[in-house]
Amino acid sequence: MSTLFISDLHLSVSRPQIIDLFLRFLQGPAQDAEHLYILGDLFDYWVGDDMLQLESLADLGTALKQLADSDVSVHITHGNRDFLLGQKFTQATGSTLLKETTVIDLYGTPALIMHGDSLCTDDVEHQAWRQQVLSSQWQQAFLAQSLDKRIEIAQSLRQQSEKNKQHKAMEIMDANQQAVEDIMRQHKVKLLIHGHTHRPGRHRFELDGEPARRIVLGDWYQQGSVLVCTGDDWELIELGLLD
Ligand code: MN
């Protein structure tokens, strides 16, 4: 039995190869898993569950539902791009929405799982934006607009964010070690799994005199990045694009 972790697929109609790759993953390797955890930013942007009506996303919803209807439990956390994924989405896809931070029992080891953008505390600008968009007041005002308008806003925010990133040092956009240790202590774990930074890797360090690990998932830009856990064994695998 295995548990799979993925994040940062940034699914978007502008990158159809990645949508195809994800569909093949759902209909292929994911079928053999016990659990699939999607740790945020499944979509490049999600401006409300009425996006499910979009024809371009219909296959995705169906494939997720089919996977959940087989014996695979599918869990999703919000990312900073798709924090508006809601109950209608989870109902339609048979998935469950997890809190921002969740501790799971991973074959006997407690593991804290999260998207990870809240760990990038050096990126003050991002943290301020995060506070704003997570407020219910902001979300209500945003959702009150038409779907077309919301998509337009999301696309322009996307472009703005890409521009801003070019001026930010790489270290600023990485997880802050103090924030990592604080949250692990708070949840009493020695294992943390997250995405967001697009810097896949395994980090080992000491936490209060004990060995601790942080595993970072990769994104789905040039390939599909999947963390496979089978008890004591870990593997970070890459799924290739067809063309
Ligand atoms: Mn992210």
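Helices (DSSP runs of H or I, at least four residues) and strands (DSSP runs of E, at least two) are numbered here from the N terminus, and by that numbering His-75 belongs to strand β3, residues 73-77. The model is predicted, so local features need pLDDT of at least 70 and side-chain atom pairs count only at pLDDT 80 or more, whereas totals for chains, interfaces and linings use all residues. Residues are numbered from 1 along each chain as its sequence is written, and side-chain values use heavy atoms, with hydrogens and water left out.

- His-75 is buried, with a relative accessible area of 14%, where buried means under 20% relative accessible area, exposed means over 50%, and partly exposed lies in between (1.4 Å probe, protein chains only).
- Leaving aside residues up to four places away in sequence, His-75 touches His-35, Leu-36, Tyr-37, Ile-38, Thr-96 and Leu-98, contact being defined as heavy atoms within 4.5 Å.

**Helix α4**

- Helix α4 spans residues 124-133, and its buried residues are His-126, Gln-127, Arg-130 and Val-133.
- Viewed down the axis of α4, these buried residues fall within an arc of 130°, so they line one face of the helix; the arc is taken over the directions from the helix axis to the C-beta atoms.
- The exposed residues Val-124 and Gln-131 sit on the face of α4 that is turned away from its buried side, while the cover over the buried residues includes α5 (136-143).

**Salt bridges**

- The structure holds 15 salt bridges, each defined as a side-chain nitrogen of Lys or Arg within 4 Å of a carboxyl oxygen of Asp or Glu.
- Asp-69 and Lys-65 form one of them, at 2.9 Å from N to O, and both residues lie in helix α2, four residues apart, or about one turn of the helix.
- Within this pair Asp-69 is exposed, with a relative accessible area of 55%, and Lys-65 is partly exposed, with a relative accessible area of 29%.
- Glu-125 forms a salt bridge with Lys-168, with 3.5 Å between the closest N and O atoms, and this pair links distant parts of the chain, since Glu-125 is in helix α4 and Lys-168 is in the loop between α6 (147-166) and α7 (177-186), 43 residues apart.
- Glu-125 itself is partly exposed, with a relative accessible area of 47%.
- Arg-185 pairs with Glu-181 in a salt bridge whose closest N and O atoms are 4.0 Å apart; both lie in helix α7, four residues apart, about one turn of the helix.
- Arg-185 is partly exposed, with a relative accessible area of 35%, whereas Glu-181 counts as buried at 16% relative accessibility.
- Salt bridges that share partners also join Asp-44, Arg-81, Arg-158, Glu-162 and Lys-165 into one network.

**The largest cavity**

- A cavity is a set of points, on a 1 Å grid over the protein atoms alone, where a 1.4 Å probe fits but cannot get out, and its lining residues have an atom within 4 Å of a point.
- By this rule there is one cavity of 30 Å³ or more, and the largest cavity holds about 40 Å³ of space, the volume being the space filled by probe spheres set on the points, which are joined across faces, edges and corners.
- Its lining consists of Phe-43, Trp-46, Leu-52, Leu-57, Leu-60, Gly-61, Leu-64 and Phe-89, and helix α2 (residues 58-69) gives the most to that lining, with three residues.
- The lining residues divide into seven nonpolar, one polar and no charged, where Ala, Val, Leu, Ile, Met, Phe, Trp, Tyr, Cys and Pro count as nonpolar, Asp, Glu, Lys and Arg as charged, and the others, Gly among them, as polar.

Definitions and conventions. 1 Å grid on protein atoms, 1.4 Å probe; cavity = no way out; pocket = protein on both sides within 12 Å on 5 of 7 lines; lining within 4 Å.
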